Amino acid sequence: MDIIKVLQDELQIGYKQAEAAVALIDEGNTIPFIARYRKEATGALNDEILRSLDERLRYLRNLEEKKEQVLGAIRDQEKLTPELEAQIRGAMTIVAVDDLYRPYRPKRRTRAMIAREKGLEPLADLISLQMTKEPIEKLAEAYISEEKEVLTAQDAVNGAKDILAERISDNADYRTYIRRTTMEQGSIRSAARDEKEASVYEMYYNYEETVKRCAGHRVLALNRGEKEKLLTVKLDAPEDIALRYLEKRVIQKDNPYTTPILKEVVADSYGRLIAPAIEREIRNDMTEKAEAGAIKVFGKNLQQLLMQPPIAGRVVLGWDPAFRTGCKLAVVDDTGKVLDTTVIYPTAPQNKVEEAKTVLKKLIRKYNISLISVGNGTASRESEQIIVDLIREIPEPVQYVIVNEAGASVYSASKLATEEFPQFDVGQRSAASIARRLQDPLAELVKIDPKSIGVGQYQHDMNQKNLSEALQGVVEDCVNKVGVDLNTASASLLEYVSGITKAVAKNIVAYREENGAFSDRRQLLKVAKLGPKAYEQCAGFMRITGGRNPLDGTSVHPESYGAATALLERLGYSMESLAKGGVAGLGKKISDYKKLAAQLEIGEMTLRDIVKELEKPGRDPREEMPRPILRTDVLEMKDLTPGMILKGTVRNVIDFGAFVDIGVHQDGLVHISQMTDRYIKHPMEVVSVGDIVEVKVLSVDLAKKRIALTMKLGTK
């Protein structure tokens, strides 16, 4: 198999692009590094395509390895024919290879195996040839043997039938046809184990849908309902079509002695051996595809969440709401340093509202707090009301934001949080995290397991290894797109930088603590276990503000410093002008990029990237993302009425719609059908996590805490 050609066709890219990307991956380069600094080689393939390519490359190489193992095993049995070898080498999936290997795979002791041991294979061959002119039972008498436990002619016939049933089951062409037909014409059906029992799966209590139309989120819901023993799920296959197909292939002649027996064999082979295996395979395939889709959606949501713009230059009060144990507060300055922590008890059962307000007023005046970040967990509704009342009472201009606190409790109880805040309890750590995730979402959220951030669906039901790998890749891409400040970044942030391992990230922090701030990127080579290859991968993503070389504060890679310096000199600029905030309008002075790139001995794409960076050094791509809604007043669910138009923040995007925070502590659902007047396959064609959208209230169910919203504002 030409793996490069397969990658080219599947990803719709050039052959040389695929070839270059594979070569770079094989050399040990990371995806962010290839995407950012090897654009000439790959034709500017982005990180998303490169990750897909890397994933498929691993699959195809595993497939080739599997083929060699299978060919070796069949060769050892001396049963490998040129035709079979060609079929195996031409197979495009592991399932197809398994189908071809099935007749030769060592099996557990089957009924057919026992029949062969009893010497009944010649009788099976006679039946299969369909040429006998005598009743099979009469021929079977020759195989009666007390010693072999074949006591009657019928025993012999039954054994022969078992051999034939297994042969049919092992035929790769038959399985391929039946699997494809079942995928195209089969349906998935579910029923309640107990219809009287109320559950979230009620819509699946009497549910049926074709396999090919069953959406991924429904597949995952059916799986979970089945796992929780609330649903029974069955695949209804087109049995008549499968049996007719098998009979046509197996019964070549109309022989009165063999035809009835072969019909029984076909029915037994299909019902006992083929159908159950095909059902398992199709259910597994549906699950794998559903999981892949869910992981993709989760990854997109996570990317949007991590790339939310930081709110810089403000002192933030982090508020972790609670009832009995009180609301934990943490004051965090504009650099993320915790200045103060305390606990107030304005909520039930203590209800010390006035006392809490007094504490809050003092903190606001003392630290010049202008923003309150409130977690959306237990008691957040009550906390929000107190904050709104407080804002009305004080002269200072203070705003608040309800922050999704998913994962804050996981972080606050983690070893990392204990190391970061040894003097704080879990509540204080949580409050600090809630404040910081508003100031710099990326730097704070990387400390939390991505699965705990709460922007996916059914994440606990899917292959955890695949999910973790995909989400780690998303975090890595986000961190490297933004870049990190080498002198302030935590070890948990540094470990996502291209080429940096957990151990090396800790070594960077240790070096910084021992030797002081980095003043030059090349100092990284003095860090323990950080060699030339790791330096090549990470250097461009590390930023040093105010260092010896102004280029260290940009995303220009050290390998291009010579070209960048020559470019500035050629156009009449100095490093000092770069250090003062960039060289505005630099690109306008270049009339021919291709010619200049050749003169500087770099690629044209690299030159354009350098120019863009020199014009605005250290540009943060998050600045282009929508900013969170800052509030000063409270809205309750009972205040909502159909027709009301509100602004909201998209909190989560799933296959069937999006959940939008409209400031009432219960996210509303915009169903996919209510997003736009045009047809869309997935909500992500219209919205992303973090988007600020205008919505209209369709209905409110206070009892079930459900809010239906529409983005089609002309809808009545």
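Pro349 sits in the loop between strand 6 (338-344) and helix 16 (353-367), where helices (H or I, at least four residues) and strands (E, at least two) are DSSP runs numbered from the N terminus. The peptide bond that leads from Ala348 to Pro349 is cis, with omega near 5°. This is a predicted model, in which local features need pLDDT of at least 70, side-chain atom pairs count only at pLDDT 80 or more, and totals for chains, interfaces and linings use all residues. Residues are numbered from 1 along each chain as its sequence is written, and side-chain values use heavy atoms, with hydrogens and water left out.

Glu601, in the loop between helix 28 (593-600) and helix 29 (604-615), has a phi of about 60° and is exposed, with a relative accessible area of 72%.Turning to the cavities, a cavity is a set of points on a 1 Å grid over the protein atoms alone where a 1.4 Å probe fits but cannot get out, and lining residues have an atom within 4 Å of a point. The largest cavity has a volume of about 280 Å³, a volume being the space filled by probe spheres set on the points, which are joined across faces, edges and corners. Of the 19 residues that line the largest cavity, the closest to its centre are Gln308, Ile402, Val403, Asn404 and Arg651, and strand 8 gives the most to this lining, with 3 residues.

How values were computed:
Buried < 20%, exposed > 50% of the residue type's maximum accessible area, 1.4 Å probe, protein only. 1 Å grid on protein atoms, 1.4 Å probe; cavity = no way out; pocket = protein on both sides within 12 Å on 5 of 7 lines; lining within 4 Å.
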